[in-house]
Amino acid sequence: MKKSERIIGNTTGWLGMIFIQSATLPVTYKILIGESTHVPPISMVLMVWIGLVLYLVRAVIQRDIVHITSNTIGFLTQSTLMALIVFK
């Protein structure tokens, strides 16, 4: 793989991670500060959570730092949402 291809691949990976992880932050933040009481369905959060765990295992096995970072952030965010749904 050429150096330029690696740079493009890594850059797009990091940008994709930022966009994906940013998608759930507003909902989580609004729930945490009490601005919103609307939470996503537990089934959706649970399925995303399981998918992130499986992706995280794959990323660790492949030593892919972009996906390890992304899936860890996503896992923590989804865990927070799940806790808010279960304990509210």
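Visitor: Which residues are exposed on the other side of helix 2?
Guide: In this predicted model, Met47, Leu54 and Ile61 are exposed there, where exposed means over 50% relative accessible area, buried under 20% and partly exposed in between, with a 1.4 Å probe and protein chains only. Helices, for their part, are DSSP runs of H or I with at least four residues, strands are runs of E with at least two, and both are numbered from the N terminus.

Visitor: And which residues of helix 2 are buried?
Guide: The buried ones are Val45, Leu52, Leu56 and Ala59. Seen down the helix axis, these buried residues fall within an arc of 65°, so they line one face of helix 2; the arc is that of the directions from the helix axis to the C-beta atoms.

Visitor: What covers them?
Guide: The cover of the buried residues of helix 2 includes helix 3.

Visitor: How far does helix 2 reach, and what follows it?
Guide: Helix 2 takes in residues 42-62, 21 residues in total, and reaches 30 Å from its first C-alpha to its last, close to the 30 Å expected, the expected span being 1.5 Å times one less than the number of residues. Arginine 63 follows helix 2, and its phi is positive, near 55°.

Visitor: Switching to threonine 77: where is it, and is it buried or exposed?
Guide: Threonine 77 is found in helix 3, which covers residues 65-87, and with a relative accessible area of 9% it is buried.

Visitor: What is threonine 77 in contact with?
Guide: Leaving aside neighbours within four places in sequence, threonine 77 is in contact with Thr24, Leu25 and Thr28, contact meaning heavy atoms within 4.5 Å.

Visitor: Now the whole chain: how many helices and strands?
Guide: The protein chain has 3 helices and 0 strands, and from the N terminus on the elements run α-α-α.

Visitor: What about its radius of gyration?
Guide: The protein chain has 15 Å, whereas a compact globule of 88 residues would have a value near 12 Å; the radius is taken over C-alpha atoms, and the globule rule is 2.2 Å times the number of residues to the power 0.38. Along the principal axes, the C-alpha atoms fill a box of roughly 50 × 25 × 15 Å.

Visitor: What conventions apply here?
Guide: Residues are numbered from 1 along each chain as its sequence is written, and side-chain values use heavy atoms, with hydrogens and water left out. Local features need pLDDT of at least 70 and side-chain atom pairs count only at pLDDT 80 or more, while totals for chains, interfaces and linings use all residues.
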